[in-house]
Structure formats: structure tokens, C-alpha cells
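Hello,

Here is the structure I promised to hand over. Please look at it first, then read my notes below.

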There are 2 protein chains.
Amino acid sequence: MAMPKATQAFPRQEFLRRLAAVKAEMERREISALVVIVPANLTYLTGYTSKSGYVPQALIVTLKDEEPTFITRKMDAAAAIHQMFVDRTRVLGYPEDLIANPAKDGYDAIIDHLLDVGCGQSTVGVEAQMLSGQTLEKFKTRAPAAKIKDFGNAISWIRGIKSDLEIGVMREAAAIADAGMRRAIEVVRPSVTEADASAEIIATLIRGANGKAGTDITGFYLCASPRTSTCHIPWTEDRFQAGSQVNIELAGVRYGYTSALMRTISIGKPSDVVRRLHDGEVAGLEAALAVAKPGATCGEVASAFNTALGKHGFTKESRCGYAIGIDWTEPTSSFKVGDPTVLKPNMTFHLMLGNWVDEDLGYAISETLRITENGVETFSALPRELFQV
Amino acid sequence: MAMPKATQAFPRQEFLRRLAAVKAEMERREISALVVIVPANLTYLTGYTSKSGYVPQALIVTLKDEEPTFITRKMDAAAAIHQMFVDRTRVLGYPEDLIANPAKDGYDAIIDHLLDVGCGQSTVGVEAQMLSGQTLEKFKTRAPAAKIKDFGNAISWIRGIKSDLEIGVMREAAAIADAGMRRAIEVVRPSVTEADASAEIIATLIRGANGKAGTDITGFYLCASPRTSTCHIPWTEDRFQAGSQVNIELAGVRYGYTSALMRTISIGKPSDVVRRLHDGEVAGLEAALAVAKPGATCGEVASAFNTALGKHGFTKESRCGYAIGIDWTEPTSSFKVGDPTVLKPNMTFHLMLGNWVDEDLGYAISETLRITENGVETFSALPRELFQV
């Protein structure tokens, strides 16, 4: 009895559309075989979300084949057969003796495959920023007649403009993020530990919303007094107290697609400076949303935010957002002064207004959004409040 | 009001002991400054567990300074000041214009620092396997008179032998793993979704055990029928059914230290073949534990397991364990035939007997263990059962 395919988040045609876009870019760069290793790119091109990237693995996309071929540790091949849209013959498991072997590793199997399928004299694209110098050298040594060419983060740029199907999944993820934040507002109370509150919130993110479960847990940060100036500590064992401020960053995840959300909760009345910072950030958020539309640049969105926030007497040093999609951040465009990226419909961003001003003052609010035909859609239904509990 | 230091999991003396071991290895290799970037190594040397490794960051260890210096994105510096045992002046935040900047990145700030502190003509150690070819080239270009030398995974080898303090923390983590697995045995029932069960189990892993919270969530896998041949899928939206088999791998985490645990749950009576596989695996597990003691090699442990399992008519292709500690796997020794690593007291391993035999047959059991003065201590108090619910 063969294992059935997993429930697919997208139809085959959607994956072929994505592959066609990647192949067009390969043709433009005169690359005939592409070695994809960035996990988010694997998810994008095949639907694969299993966590096997702790060892070498690669998806080989060629111009001549409709479906790509995945090479992974044999132990993980079954998950790829189960999850990927491709035919099972397109998943190749490499043997266990390449694991924890100082002489050879999974990249040897990947290079063997390239040589086997006749790419030894081709131009082969790689995601060089993800390869160690040692591995890059191995490609050059073992395939000396091939031309190894950096594909950069071209796939991330292709991922930047979502299909309506992807947008639908991101909306589902956003509803889960909202449910998680609503649970936070219920459970953040004096004498509750940060860990116990996080347990409740994360359980909600997994149970999901509207009958759609969260399919993974990713970056979750709960930074409460006295560490509201920090941004990436998951939680501690401390107990909330009357007067505590709690900055939360979380996300809903569906099939790898991430919708992020930040809000700040105050146990009791927030201090005046936090209230003023909140007002400035919301003004900045609304100013940013007002200019975000097709034709505007990412830099213009950042400038609008900065100007509005500045009128309230604050500045934010870090960029105020970035492209978001599979596995959270896409390493492409940012809401950052001077970023020339021109907004297009169905680009999605995390308008991330976390502001860690100094050691005594930090605050978090954000929206995950989509550029529409003539403006912007924010996915969250949560009010833009500094929640007082 | 300056932010206080976080509750430290270890005293200053423990961190200085670890640093002394690293510095001794640096001296042996004639390295005067070491650039540490592996997140688990940062945790080991400073107590830092904040999740800022999504951008370049490095701990600089020099022979001449007692405390190391950490260079990170400015936004993340507060968390380092809060969590690291070092003086606050030892944390340097680099400016935001190095983020999402195609021309320069955080490694430029790290190299600037090395040049500033007079290491421009020194021998500088790096963890080369973690550096892209492009970044390694940047070190060589921007510090041309320095000698850049690969430190390999020498710190991981030093981490391999734990102090009694570290063992204490791993026992706390193991109690959390047990609590999580006990919760799994309670909630895996027909018609419950995998996601809802996972929510309960993960919430338990965060709430912790014996008044000690889980301080993070790491690898969690729940692979149930019909995908018991897969090993690294977190969970799905499917509902368990009468007759379902559920393979679970989870871990308790305390301050980065991970104790992993695998068990298999059957809803109703397991099939004969699964029962026979369970019996073989437990026999193998006990055979492995019987030979694991100081002076034996990792390879001998694997051979003992394989022989005992073979007598039951099964084989396991993948290695049957690996060194474990901070952030789960240590990339050093494995319970793998031929691994020459000689066991020493306070080495810790995940004796990982997950066995994905074919598409219809997979099974999971494991123990996290410590080598004692004359044998082995397993951390889990859970029986080695195929749990029937």
C-alpha cells in the first residue's frame, strides 16, 4: 500500500506557473540547470515543508524537464514523496554514509546527480550566498567543465509577487495570528508567568482559526518589562506584574506562508511616554498605508512613516518593514529610505513598526499587508490599539 | 534605570571555564582572535539565546581579553546586554544601514572591529563551514595582512563533555520532554486532529515540569498514519483514527540545552510487524546501553545496537544516535559503525532509534543519555513502551 500524497495547498498548475517563472529567469541568464537549496524556495517550487534542511539537500530545476528533481537524505525522501507535487520518481534519497562523514557529504550526491544527467559541461546556477566556501569549491573541483554561476536571490524576487491563491493562504495565516494575539490579550495578567502565557498563545497559533490549523510555529517573541528594549527573546520564566508592558511578535503559518503581527499590551495604565510613542507609531502606520500603492516605491513608504512619526517627536532607526511570504522575511525589498523597489499588486509586506528606542522604552505594532490594484489591504482584523488589561 | 541582567543559568566561573578551553585550543592552533558565529557556540560561551542570527553577528574571542566581545545588529544589542554574562561594554551594535544593503553587511562591522582592535596582521580563526564563499572572500580582501584560518567545529568538540552544571540543566530539560510525551499519550485519540494534539503537547513543553519552564520550542515532529515512514513533518490537519499509529519526536529545552525523546503511540492494538519492530528496537536499545561506558567507542555502541536489532530480523540504515546538547545535535560524534570517538564521562547523546523501514513501516523510540564514570544514565523516566491508547 503506497503512501498517499499529502493534501496539497496548491494545484499542480500553480507550481508549474512558479517553475515557468524560474525557468524564464534561467534562460535569461543562460543557465540550464539550477541547484535550489534555500528552504523557502523549495517550499515555493514544490510544496515541501518538512524540516530536512539540517543536512545538504537540493532541488534541481532544468530547462528540459517539466518537473524538478529533489535530492535529499534517504531518511527524508518519504516526506518529500508525500508532500511535493512532483512524481515520486523525482525524489532521490542519498545514502546514510554521507551523514556525519568528514570526507563526503550530501553535496557529493547532488554533484553526482548533475554529472549523471549530463550537466557536467553546462552552466549550473547555485544560490551562492547559502553555500560555504568549501562547498562552492567542491562544485568547481568535481564538475570542472561546468560553469558555476550565482543565481543570487532571484527566486526570492519571483516569490515577491503572489498569486491570488497564495494571498488566500496568507489571509488564513493572518486570521490565525489574530487569534493568537487575542489569546495574548486574555492571558497576560499579573502573576502569570511569561512561559505560561506563551504556552496558551502558541497553542492557539497551532489550533488555528476558522477551522484552518496553524501548520507550523515560527518566530515568537514576548518581551516584557524590564526587557521591552529587546526584540528577539522568546519568553522567560518571570511573572508579569501590575504595570508590566508586554511586546509581542508572532505569526500564523499555513503551508509555510507566514502572516506576522505585533502588538503591545499594558497591565494597567501605560506610561505617558509609551502612550505618546504608540500615538506616533499609529500615525506613522497610517501615513505609510496611505502612500503604499502600485507605482510608489518602498522608500517612499518608509519616508511617509518616518515623517509622521517624527512629528510626534520620535525616530525609528531600523527599517519599517520588509517583503514577507514563505518562512517570514523575503531577502529582497524593504520599507527603508531609498529602497527603489516599485510596488506592484500582490506584493506582500510586514509593515514592522517595532521601535526599541532605548533600554527603558520599546514598543511594537505591525501589520501584514498586500498591495492591491490601487492601494493596500491589511490582513489583520485587530484594532491598532495599545491594549490595556 | 538600566535594564537588569537576565537570570543567568550558569555562574560567571562556568563561562570563564568554557572560554579557557576554547582559548587553549586557539593557542594550540596559534590563533590570537577567533570569530564565533555558530549560534550554539554563542550560547555556550555567553548564555545568549536571543534569536538574532538571521543577520550577521559574531563573538570575538581573543587570547588577551578575559571577556569576549559580541558584535550584532544594534536592534539586538539590548538582548545581548541582558542575557550575556559579559560586561555591557562588550556588546557592540552595528548600525541599521548594514541591513538589507547589497553593498555592505554586518560582516563589514565585524571585520572593522577586528582591524580596530589590532588584529589586522594576526592569525584569525573562523568557523568556515558557516561562512559563504562570498563572506570568506570579504575577510581575505578587507584584512589582507591577517591570516584567516578555519577553526572547524573545534568548539562543538569542546562542548561535547558537559560540566555537572550543564548535566543538571539537561536533566531539567528531560523532565519537560517526559511531561510533553505524557501529554501526548493523553491527547492522541480518534477524531482529534494532529494539530490540536500538537497544541496540547507543545503547550506542555513550554509550561515545563517541576516548576521549571521550557525556555524554547525546537524540533517537534508528529508523523502519524499514513505517513509513519516520514520523520520531519511537524504535524498535519488530519484527524487520528482507530488504528492510527503516531510517531513523536520532541524535546524539552532549558536555556538552549535540549533533551530529546521519541516514542510511538498506537490507537488500538498495533500491527504484528510494528510490535516485532518495537521489540527489536528495545532489545537494540538495551544492548547499546550495556556497552556505552567510558573507554568504549561510539562505533561499538552502534554495533551492539545493530547486532541486537538484526536478531529480530530488522536493520536500521541511519546512524543510531549523535552527540546532543545546546540546539540539539552537536556536529561531532555519532553512534555509527566505525565512529572512533572514545566515550568519556559527561558526554551526552541522543540514542535515536527512529527507524523508517519502508513506506508502510516506521517506528520511533529514543533516549537522551549521559556517559557516567562506569556506564550510562538515561534522563527520561518514561517506560520504553509502544504506548497503546
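Buried means 20 or more other C-beta atoms within 10 Å of the residue's own; 12 or fewer is exposed, and anything in between is partly exposed, with C-beta atoms placed from the backbone. B:W328 sits in strand β11 of chain B, residues 328-334. Its phi is near 70°, a positive value in a residue that is not glycine.

Some ground rules. This is a predicted model, in which local features need pLDDT of at least 70 and side-chain atom pairs count only at pLDDT 80 or more, while totals for chains, interfaces and linings use all residues. Residues are numbered from 1 along each chain as its sequence is written, and chains are lettered from A and ligands numbered from 1 in the order in which they are written.

**Chain A overall**

Chain A has ten helices and 17 strands. These are DSSP runs numbered from the N terminus: helices are H or I with at least four residues, strands are E with at least two. The radius of gyration of chain A is 23 Å, close to the 21 Å that the globule rule gives for 389 residues, so the chain is as compact as a globular protein of that length. That radius is taken over C-alpha atoms, and the rule is 2.2 Å times the number of residues to the power 0.38. Along its principal axes, the C-alpha trace of chain A spans about 70 × 45 × 40 Å. Of the 389 residues in chain A, 54% are buried.

Contact here means that two C-beta atoms, placed from the backbone, lie within 7 Å. Among the contacts in chain A with a separation of 6 or more, 69% join residues 24 or more positions apart.

**Two domains**

Chain A divides into domain 1 (12-158) and domain 2 (164-388). The bounds come from an automatic or database domain assignment. The domain centres, over C-alpha atoms, are 34 Å apart. Nine residues of domain 1 contact nine residues of domain 2 in chain A. On the domain 1 side, α2 (39-46) and α6 (154-159) of chain A each supply at least two residues. Helix α2(A) gives the most, with four residues. By class, that side has four nonpolar, four polar and one charged residues. Ala, Val, Leu, Ile, Met, Phe, Trp, Tyr, Cys and Pro count as nonpolar; Asp, Glu, Lys and Arg as charged; the others, Gly among them, as polar.

**The A-B interface**

How many residues of chain A are in contact with chain B? There are 60, and they meet 59 residues of chain B. On the chain A side, α3 (74-83), α5 (133-142) and α8 (194-207) each supply at least two residues. The most come from α8(A), with nine. The chain A side has 27 nonpolar, 18 polar and 15 charged residues.

A rotation of 180° with 0.0 Å of shift along its axis superposes chain A on chain B, at RMSD 0.0 Å. The two copies are therefore related as by a two-fold rotation axis. The same surface serves both copies, with 98% of the contact residues of chain A recurring in chain B. The superposition is by least squares on C-alpha atoms of residues with pLDDT of at least 70 in both.

**The core**

The largest nonpolar core has 242 residues. A core is a set of buried Ala, Val, Leu, Ile, Met, Phe, Trp, Tyr and Cys residues joined through C-beta atoms within 7 Å. A:V36, A:I202, A:I248, B:V36 and B:I202 have the most contacts inside it. Beyond neighbours within four places in sequence, A:V36 contacts residues including A:L42, A:L59, A:E127 and A:I155.

**Spots to check**

Start with the loop between β7 (221-224) and β8 (245-254) of chain A, which holds A:R227. A:R227 is buried, with 25 other C-beta atoms within 10 Å. Not counting residues up to four places away in sequence, A:R227 touches A:I233, B:M3 and B:H82.

A:P226 lies in that β7-β8 loop too. The peptide bond from A:S225 to A:P226 is cis, with omega near 5°. In chain B, a cis bond joins B:S225 and B:P226, with omega about 5°.

A:Y255 is in the loop between β8 and β9 (257-266) of chain A. Phi of A:Y255 is near 50°, positive in a residue other than glycine. A:Y255 counts as buried, with 20 C-beta neighbours inside 10 Å. For background, most residues other than glycine have a negative phi, and most peptide bonds are trans.

Best wishes
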